[in-house]
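Please read it alongside the sequence and the coordinates.

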Amino acid sequence: MPIETLALAMTGASGAAYGLRLLELLLEYGINVQLMISGAGQIVINQETDLALPSSSEKQRDILLRKYPADSEQLQVFGTDQWFAPPASGTGVADAMVVCPCTVGMVSAVACGASNNLMERAADVIIKEQKKLILVVRETPFSAIHLENMLKLARMSVSILPASPGFYYNATRVSDLVDFVVARILDQLNIQHALIPAWGQDRL
Ligand SMILES: Cc1cc2nc3c(=O)[nH]c(=O)nc-3n(C[C@H](O)[C@H](O)[C@H](O)COP(=O)(O)O)c2cc1C
């Protein structure tokens, strides 16, 4: 079934550009996005990009829609304690959820079902409703704690998709590396894109 609505959580791992590029493309492709940004995620976005996002989710939405023009109904932005937002319940569950970028703290919370904020709860709901969950994890090196948490989730069919771009398409710009990772996410969601050619479809 094609993805109509996607929950996108941006946590405070390095790599805000991955999440923002994914958001840009989802809106361009006409997909509805339920966006959640953690407090640390907001700090990292402001540190790593030219955006100056405030804490208010309404103002975040205005700024993001100015940067990525889309049908205004396509983008909902929820605060992390908005417990009446659709992603908090199986009755409002999206078709899939991506956490991008994903901290190892978020991995831990999801692995133990903490549900202490809206994005942790949304991930818990996605798992219990047997929908696709993709964690774009960024940390290095990984400790045994991180690896055990990721293994536990991988065994529940959660996609562990580390933000580790390949360089074999002659990447020359940071945006090429960002698109490499975003292409892998879109592939996992079965969303058609033209970011990079499929393996075997180019010069190889
Ligand atoms: C600039 C910056 C970069 C960070 N990079 C990472 C990272 O790559 N991976 C990670 O797991 N945490 C990273 N952190 C730490 C997390 O933001 C921190 O653990 C935070 O509590 C995570 O909360 P969240 O999962 O609710 O966003 C970074 C923090 C800052 C300020």
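Which element gives the most to the shell around the ligand? The points below begin with the basis of the model and then take up that question.

1. Basis of the model. This is a predicted model, in which local features need pLDDT of at least 70 and side-chain atom pairs count only at pLDDT 80 or more, whereas totals for chains, interfaces and linings use all residues. Residues are numbered from 1 along each chain as its sequence is written.

2. The ligand shell. It is α2 that gives the most, with five residues; helices here are DSSP runs of H or I with at least four residues, strands are runs of E with at least two, and both are numbered from the N terminus. The ligand is surrounded by 16 residues, and the closest are T11, G12, S38, A40 and T103, where a residue is near a molecule if its C-beta atom, placed from the backbone, lies within 6 Å of it. At least two residues of the shell come from each of α2 (39-48) and α4 (104-111). By class, the shell holds six nonpolar, eight polar and two charged residues, with Ala, Val, Leu, Ile, Met, Phe, Trp, Tyr, Cys and Pro counted as nonpolar, Asp, Glu, Lys and Arg as charged, and the others, Gly among them, as polar.

3. Overall fold. The protein chain has seven helices and six strands, which follow one another from the N terminus as β-α-β-α-α-β-β-α-α-β-α-β-α. Its C-alpha trace spans about 50 × 40 × 35 Å along the principal axes. For 204 residues a compact globule would have a radius of gyration near 17 Å, and the 16 Å of the protein chain agrees with this; the radius is taken over C-alpha atoms, and the globule rule is 2.2 Å times the number of residues to the power 0.38.

4. The sheet. Six strands form an open sheet in the order β3-β2-β1-β4-β5-β6, with parallel pairing, two strands being paired if DSSP finds at least two bridges between them. The edge strands are β3 and β6, each of which pairs on one side only.

5. Strand β5 and its neighbours. Five of the six residues of β5 are buried, so this strand is largely enclosed by the rest of the structure; buried means that 20 or more other C-beta atoms, placed from the backbone, lie within 10 Å of the residue's own. β4 and β5 pair in the parallel sense over five bridges, and C102 stands opposite V137 in β5. Two bridges join β5 to the parallel strand β6 (residues 159-160), with I160 as the bridge partner of L135 and S159 as that of I134.

6. Helix α5. Eight of the eleven residues of α5 (residues 118-128) are buried, so the helix is largely enclosed by the rest of the structure. The buried residues are L118, M119, E120, R121, A122, A123, V125 and I126, and what covers them includes β1 (5-10), β2 (32-37), β3 (75-78), β4 (96-102), α4 and β5 (132-137), judged by contacts in which two C-beta atoms, placed from the backbone, lie within 7 Å. Just after α5, Q130 takes a positive phi of about 60°.

How values were computed. Buried ≥ 20, exposed ≤ 12 C-beta atoms within 10 Å, placed from the backbone.
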